[in-house]
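Here is a short briefing to read with the model open beside you. Bring up the structure, and we will walk through its strands, rings and core together.

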Amino acid sequence: MSILKNCSIKFYTKGSGKGAETPVTITVRDENEVVAAFARDDFGPFDEHSESGLFDMDVINASEKADLRRGSIAIRVDPAQQCNWRFNFFTFLTFSDGTRLAGREVGIELNHESNERIFGFDAIIR
């Protein structure tokens, strides 16, 4: 049995950036909807055409690797004012047996009207 030991994320901002005051919430769930890892922070400003991270998430539950492969990652922003954040992200999951899974998604836009996206790991793991 291989369980989650570490989870981290890196953002590549394209076009419009994210303001310093805009919090980002990242939630990793396994296939049973159990929260495996979580982070909520403003992480500072993400300037246009910049790289931000690697940010570690808190591992909440030691979900199994097989359950996470069929799980999801949700990214949410709660901007205080109108904004559009365009970005790509890369996420890395490390397990107790030393193996890793990595996932990515490109061309995402979040704003005050559409402030959350959920991605299945089965679709983004490369």
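Two strands pair if DSSP finds at least two bridges between them, and strands (E, at least two residues) and helices (H or I, at least four) are DSSP runs numbered from the N terminus. This is a predicted model, in which local features need pLDDT of at least 70 and side-chain atom pairs count only at pLDDT 80 or more, while totals for chains, interfaces and linings use all residues. Residues are numbered from 1 along each chain as its sequence is written, and side-chain values use heavy atoms, with hydrogens and water left out.

**The open sheet**

- Strand β1 (residues 4–13) and strand β7 (residues 84–95) run antiparallel and are joined by 9 bridges.
- Within this pairing, Phe 11 has Phe 89 of β7 as its bridge partner.
- Both strands belong to an open sheet of 4 strands with antiparallel pairing, in the order β4-β1-β7-β8.
- Its edge strands, each pairing on one side only, are β4 (50–56) and β8 (100–111).
- On average, neighbouring strands here are turned by 15 degrees against each other, direction ignored; the axes behind such angles are lines fitted to C-alpha atoms (for helices over the stretch in contact), and angles run from 0 to 180 degrees between N-to-C directions.

**Aromatic rings**

- The whole structure holds 10 aromatic pairs; rings of Phe, Tyr and Trp (its six-membered ring) pair if their centres lie within 6.5 Å, and planes under 30 degrees apart count as stacked, over 60 as edge-to-face and the rest as tilted.
- Phe 11 and Trp 85 make a tilted pair, because their ring centres are 5.2 Å apart and their planes stand at 55 degrees.
- That pair links distant parts of the chain, with Phe 11 in strand β1 and Trp 85 in strand β7, 74 residues apart.
- Phe 11 and Trp 85 are both buried, where buried means under 20% relative accessible area, exposed over 50% and partly exposed in between (1.4 Å probe, protein chains only).
- Trp 85 and Phe 87 have ring centres 3.8 Å apart and planes at 20 degrees, so this pair is stacked.
- Ring pairs join Phe 11, Phe 43, Phe 46, Phe 55, Trp 85 and Phe 87 into a cluster.

- Thr 27, in strand β2, counts as buried because its relative accessibility is 9%.
- β2 pairs with β3 in the antiparallel sense over 6 bridges, and Arg 29 has Val 35 of β3 as its bridge partner.
- A hairpin is formed by β2 and β3 with 5 residues between them, and Glu 33 in the turn has a positive phi of about 70 degrees.
- β2 also pairs with β6 in the antiparallel sense, over 6 bridges, and Val 28 stands opposite Ile 73 in β6.

**The nonpolar core**

- The largest nonpolar core has 30 residues, and those with the most contacts inside it are Ile 9, Phe 11, Ile 26, Val 28, Ile 73 and Phe 89; such a core is a set of buried Ala, Val, Leu, Ile, Met, Phe, Trp, Tyr and Cys residues joined through side-chain atoms within 4.5 Å.
- Two or more residues each come from β1, β2 (24–29), β3 (35–41), β6 (72–77), β7, β8 and α2 (121–124).
- β7 gives the largest share of this core, 5 residues.
- In soluble globular proteins, nonpolar side chains tend to be buried together.
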